Amino acid sequence: MLADGSQPGSNGNEQVPARPEAKIFHHSFAATPIAVRTALRTALARFLRQLSPDEAGTLELVLAEVLNNIVEHGYGETGHGTISLSLVRDHRGLSCSISDDGVELPPSCLARSVDDTHRPEPENLPEGGFGWFLIHDLVEDLGYHRANGRNLLAFRLPLPPVQVK
């Protein structure tokens, strides 16, 4: 690729249109329920024109589950800490990464049952215990890493490519 975004063809003069550059949304906020609500509104507003109502609802559901879990279980009652949310829309969907310095994510949250069709009965789960099943069902490429006292959770919402106007 050349500096002007073109690619040389067989004779070096043919222009190939460059793919639009993806813009990264990044937002850091306090680990409190009110700050999570504000972060959700801000993230949804940023991508609203690029998402259908169903896609926006899925994004809101997944982010609300993850962010509220971090506040409740990662920081407990302290409310001390910072959550960082990064989102980028590209040809593969909406890639999301969330980092925090709360307690480590239990491995059971990321484990999927061998039989993906089996779901526990909601009445047998603790309050909110169904959230990770929803997250697993709605996202792709879910991954988690902890290093230097920080958690990083990343995933992708599969969405059709953005139509360039």
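Mentor: What follows is a walk along helix 2 and its surroundings. Keep in mind that this is a predicted model.

The protein has four helices and five strands. From the N terminus on, they run β-α-α-β-β-α-α-β-β. Buried residues make up 32% of the 165 residues. Among contacts with a separation of 6 or more, 61% join residues 24 or more positions apart. The accessible surface comes to about 10,500 Å², and carbon and sulfur atoms hold 55% of that.

Helix 2 covers residues 53-74. Its length is 22 residues. From first C-alpha to last, helix 2 reaches 30 Å, close to the 32 Å expected at 1.5 Å a residue. After the helix comes glycine 76, with a positive phi near 60°.

Which residues of helix 2 are buried? They are Glu55, Ala56, Leu59, Val62, Leu63, Ala64, Val66, Leu67, Asn69, Ile70, Val71 and Gly74. The cover over them includes strand 1, helix 1, strand 2, strand 3, helix 4 and strand 5.

Asparagine 69 deserves a stop. Asparagine 69 sits in helix 2. Its relative accessibility is 17%, so asparagine 69 counts as buried. Setting aside neighbours within four places in sequence, asparagine 69 is in contact with Gly74 and Trp132.

Next, the sheet under the helix. Helix 2 lies across strand 1, strand 2, strand 3 and strand 5. Against strand 5, helix 2 runs at about 170°. Helix 1 lies across strand 1, strand 2 and strand 3, and runs at about 170° to strand 1.

The sheet is open and has five strands in the order 1-2-3-5-4, with antiparallel pairing. Strand 1 and strand 4 stand at the edges with a single partner strand each, so one side of each has no neighbour in the sheet. Neighbouring strands are turned by 15° against each other on average, direction ignored.

Take the pairings next. Strand 2 and strand 3 pair in the antiparallel sense over eight bridges. In that pairing, valine 88 has serine 95 of strand 3 as its bridge partner. Strand 3 (residues 93-100) and strand 5 (residues 150-158) are antiparallel too, joined by eight bridges. There, serine 99 is bridged to leucine 152 in strand 5.

Strand 5 also pairs with strand 4 (residues 140-147), antiparallel, through six bridges. Alanine 147 stands opposite arginine 150 of strand 5. The hairpin of strand 4 and strand 5 has two residues between the strands. In this hairpin, asparagine 148 takes a positive phi near 50°.

Back to the packing. The core holds 36 residues. Leu63, Leu67, Ile83, Leu87, Ile98 and Phe155 touch the most other members. Elements that give two or more residues are strand 1 (24-30), helix 1 (33-47), helix 2, strand 2 (82-90), strand 3, helix 4 (131-138) and strand 5.

Not counting residues up to four places away in sequence, phenylalanine 155 touches Val62, Leu63 and Val66, among others.

Arginine 92 is found between strand 2 and strand 3. At 43% relative accessibility, arginine 92 counts as partly exposed. Leaving out residues up to four places away in sequence, arginine 92 touches Asp141, Arg156, Leu157, Pro158 and Leu159. Arginine 92 and leucine 159 are 67 residues apart in sequence, with their C-alpha atoms 6.6 Å apart in space.

How values were computed: Residues are numbered from 1 along each chain as its sequence is written. This is a predicted model: local features need pLDDT of at least 70, side-chain atom pairs count only at pLDDT 80 or more; totals for chains, interfaces and linings use all residues. Side-chain values use heavy atoms; hydrogens and water are left out. Two strands pair if DSSP finds at least two bridges between them. A nonpolar core is a set of buried Ala, Val, Leu, Ile, Met, Phe, Trp, Tyr and Cys residues joined through side-chain atoms within 4.5 Å. Buried means under 20% relative accessible area, exposed over 50%, partly exposed in between (1.4 Å probe, protein chains only). Contact means heavy atoms within 4.5 Å. Accessible areas come from the Shrake-Rupley method with a 1.4 Å probe; for residues, only the protein chains shown count as cover. The expected span of a helix is 1.5 Å times one less than its number of residues. Axes are lines fitted to C-alpha atoms, for helices over the stretch in contact, and angles run from 0 to 180 degrees between N-to-C directions.
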